[in-house]
Amino acid sequence: MFNAMAVLRCLALLVLAWWVDGLADSGMVAALVHPRFFPAVSLAAGALFFLALFQCRRFTKPEKLNAWSIAGLLLILSPVLVSAVLPVGYLGAQTIEKRGLTVAPAGEYGGAEAERFSRNDAEGVIEIREENFAAALKEITHDNPARHLGKRVVISGMVHRDKGMRDNQFAVTRLLLICCAADAVPVGLICESEDGCPVAEGAWVRVEGTLEEGVYMQRPLTILKVTAVDAIEPPPQPYVYPPGAYRPE
């Protein structure tokens, strides 16, 4: 007796395995999870393939087709079906608007990331790059703000404004991915310019300026007094990560 349900289940698992493998091969898995989970995603694609092969043993075993069986198929295919309507992509300005800005990322930042920060700082210029983004923000806004007043900073990210900002303030932000896109935290540096920000909300900019004492949300905070703002293209990888995701240079 031919088991149509087992065949359909096998095909559904093969489609899901192909979809997961495609995410890994294309690099779009980076839009969903932290890099430490990349190997697990590849392993998951292989596991799904073997589960599909396992269904072949059931092709000749009788099985009733019922509502639960159909629901199981839809559950297997749900990631593929959802991605057909809402294509996989990186989070952006809308996520920052919904989740709110964090100006002093929580956590301990040391090792290679701290060394990168110190190396830049020793030259008198704090270059806030993706590999030291969280460490640099925590250092200059929370851990040792007084130590860095008057120093020049270069930072790149998305422009964000919220209701607590003055008319001449904006934030240069990135999304800090701790585990997956669901827990991404918007982090950024408050900037202040006499003319405000010349680009639109969500646009990518490279900002230069000097760290000064300022006020944000009616509280004292180290801010960046802007000397130059340049529009730039979004980077291939817009997220930043906690320590451990970057290899030492």
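Good morning. In this predicted model, local features need a pLDDT of at least 70 and side-chain atom pairs count only at pLDDT 80 or more, while totals for chains, interfaces and linings use all residues. Residues are numbered from 1 along each chain as its sequence is written, and side-chain values use heavy atoms, with hydrogens and water left out.

Let me begin with helix α1, residues 4-26. Helices (H or I, at least four residues) and strands (E, at least two) are DSSP runs, numbered from the N terminus. How far apart are the end C-alpha atoms of α1? They are 33 Å apart, which agrees with the 33 Å that its 23 residues should span at 1.5 Å a residue. The expected span is 1.5 Å times one less than the number of residues.

At the start of α1, a side-chain oxygen of asparagine 3 comes to within 3.1 Å of the backbone nitrogen of methionine 5. Just after the helix, glycine 27 has a positive phi of about 90°.

Which residues of α1 are buried? Among them are Met5, Arg9, Trp19 and Leu23. Here, buried means under 20% relative accessible area, exposed over 50%, and partly exposed in between, with a 1.4 Å probe and protein chains only. The cover over these buried residues includes α2 (38-55) and α3 (67-85).

Two strands pair if DSSP finds at least two bridges between them. Strand β1 (residues 125-128) runs parallel to β2, joined by four bridges; isoleucine 128 has isoleucine 155 of β2 as its bridge partner. Strand β5 (residues 204-216) is antiparallel to β2, with seven bridges, and there glycine 157 stands opposite valine 205. Strand β3 (residues 169-176) is also antiparallel to β2, through three bridges, and valine 159 faces valine 172 as its opposite residue.

Finally, consider glutamate 192, in strand β4 (residues 185-192). Is glutamate 192 buried or exposed? Glutamate 192 is buried, because its relative accessible area is 10%, under the 20% limit. Its side chain makes a polar contact of 3.3 Å with that of lysine 225. A polar contact is a pair of N or O atoms within 3.5 Å; within protein, one must be able to donate a hydrogen and the other to accept it, and residues adjacent in sequence count only if both atoms are side-chain atoms. Leaving aside neighbours within four places in sequence, glutamate 192 is in contact (heavy atoms within 4.5 Å) with residues including Arg166, Asn168 and Lys225.

Thank you.
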